Amino acid sequence: MPELPEVETVRRGLAPAMEGARFTKVELRRPDLRQPLPKDFIKRLEGKKVEGLGRRAKYLIADLSSGEVLVRHLGMSGSFRVARARAEKTPGRFHRERGRAAAHDHVVFHMSSGATVTFNDPRRFGLMLLVPRRDLSRHPLMRIGPEPLGNAFDAALLAKACANKKTSLKAALSDQKVVAGLGNIYVCEALHRARLSPMRIAATLSTRGKPNERAERLVGAIKAVLADAIAAGGSSLRDHRRTDGALGDFQHNFRVYDRAGRACPTPGCRGAIRRIVQGGRSTFFCPVCQR
């Protein structure tokens, strides 16, 4: 499932086509995705202006001139394709032509900017909701933890969220109520950068109620790995594509994820990457330098 960097990459690709533009026409080619599309979906969008395009964790959020917010989630295989009349596309370095199976083009937004934005989702685990702006923060999907790239996310906040938790660091960081937007890939990568074992008890991020050096290292690692992944266009393992059809690049920079058996890349470390299973998910780490 796409994680924060992949969703942020998509947001940045959609912004030039959607921000400040109106929906001139909306096409629904099926009535549902993961769940039924909102009642009067077309009527509530057509003619409305996208005042701003944001992201909350793994959700794309479009503020509309109607006072509603269009919330979109990519699910496991969803992607947006942007086409512009008379526009030349500059492919990314790892560009691959996107599949054009029209059967999976479920929602098409025609924008006053001249762009057509198509949502393609073969597995149909994606989601689109319309929520009043005033109710967004109280919506069940938004009851999640802080944004890891936000100014409020620091060692003190993370240590407090993990205080008294007897679960592993891997489990705590994967909990969207502790920190929003992280998934399996970036939890593994951040823990390796911070030199912390995924099996370490989460409560050890604090000492006598105060964030310790481990918490400081981990917050720095989380912010750094996310920033690097966004700069690389996210990670393309199976389904993720940018809005121009290019693959993300960050998978070429993984230190531990899916690298079992390879030498640890930490300078001076002679360990090898191991794979274990935690909570039904693969965890990749170095048993020598991650403590």
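I count a residue as buried when its relative accessible area is under 20%. The model I am reading is predicted.

**Entry: helix 1**

I started with helix 1, residues 4-18. I find 15 residues in it, reaching 20 Å from first C-alpha to last. That is close to the 21 Å expected at 1.5 Å a residue. Next I looked up burial. The buried residues are Leu-4, Pro-5, Glu-6, Val-7, Glu-8, Thr-9, Val-10, Arg-11, Leu-14, Ala-15, Ala-17 and Met-18. Twelve of the 15 residues are buried, so helix 1 is largely enclosed by the rest of the structure. After the helix I noted Gly-20, with a positive phi near 80°.

**Entry: helix 5 and helix 6**

I then took helix 5 (residues 184-193) against helix 6 (residues 213-231). They pack at about 125°, with axes 8 Å apart. Helix 5 is therefore oblique to helix 6. Their crossing is right-handed. Helix 5 brings Tyr-186, Glu-189, Ala-190, Leu-191 and Arg-193 to the contact. Among the helix 6 partners I noted Leu-218, Ala-221, Ile-222 and Asp-228. By class, I have ten nonpolar, no polar and three charged residues here.

**Entry: helix 3 and helix 6**

Which way does helix 3 lie against helix 6, roughly perpendicular or roughly parallel? The axes of helix 3 (residues 155-162) and helix 6 come within 9 Å and cross at roughly 110°. The two are therefore roughly perpendicular to each other. I recorded this crossing as right-handed. Ala-155, Leu-158 and Ala-159 of helix 3 meet Ala-215, Glu-216, Leu-218 and Val-219 of helix 6. This contact has six nonpolar, no polar and one charged residues.

Technical notes:
Residues are numbered from 1 along each chain as its sequence is written. This is a predicted model: local features need pLDDT of at least 70, side-chain atom pairs count only at pLDDT 80 or more; totals for chains, interfaces and linings use all residues. Side-chain values use heavy atoms; hydrogens and water are left out. Helices (H or I, at least four residues) and strands (E, at least two) are DSSP runs, numbered from the N terminus. The expected span of a helix is 1.5 Å times one less than its number of residues. Buried means under 20% relative accessible area, exposed over 50%, partly exposed in between (1.4 Å probe, protein chains only). Axes are lines fitted to C-alpha atoms, for helices over the stretch in contact, and angles run from 0 to 180 degrees between N-to-C directions. Angles under 35 degrees count as roughly parallel, over 145 as roughly antiparallel, 65 to 115 as roughly perpendicular and the rest as oblique. A crossing is left-handed if the near helix is turned anticlockwise from the far one by less than a right angle, and right-handed if clockwise. Contact means heavy atoms within 4.5 Å. Ala, Val, Leu, Ile, Met, Phe, Trp, Tyr, Cys and Pro count as nonpolar, Asp, Glu, Lys and Arg as charged, and the others, Gly among them, as polar.
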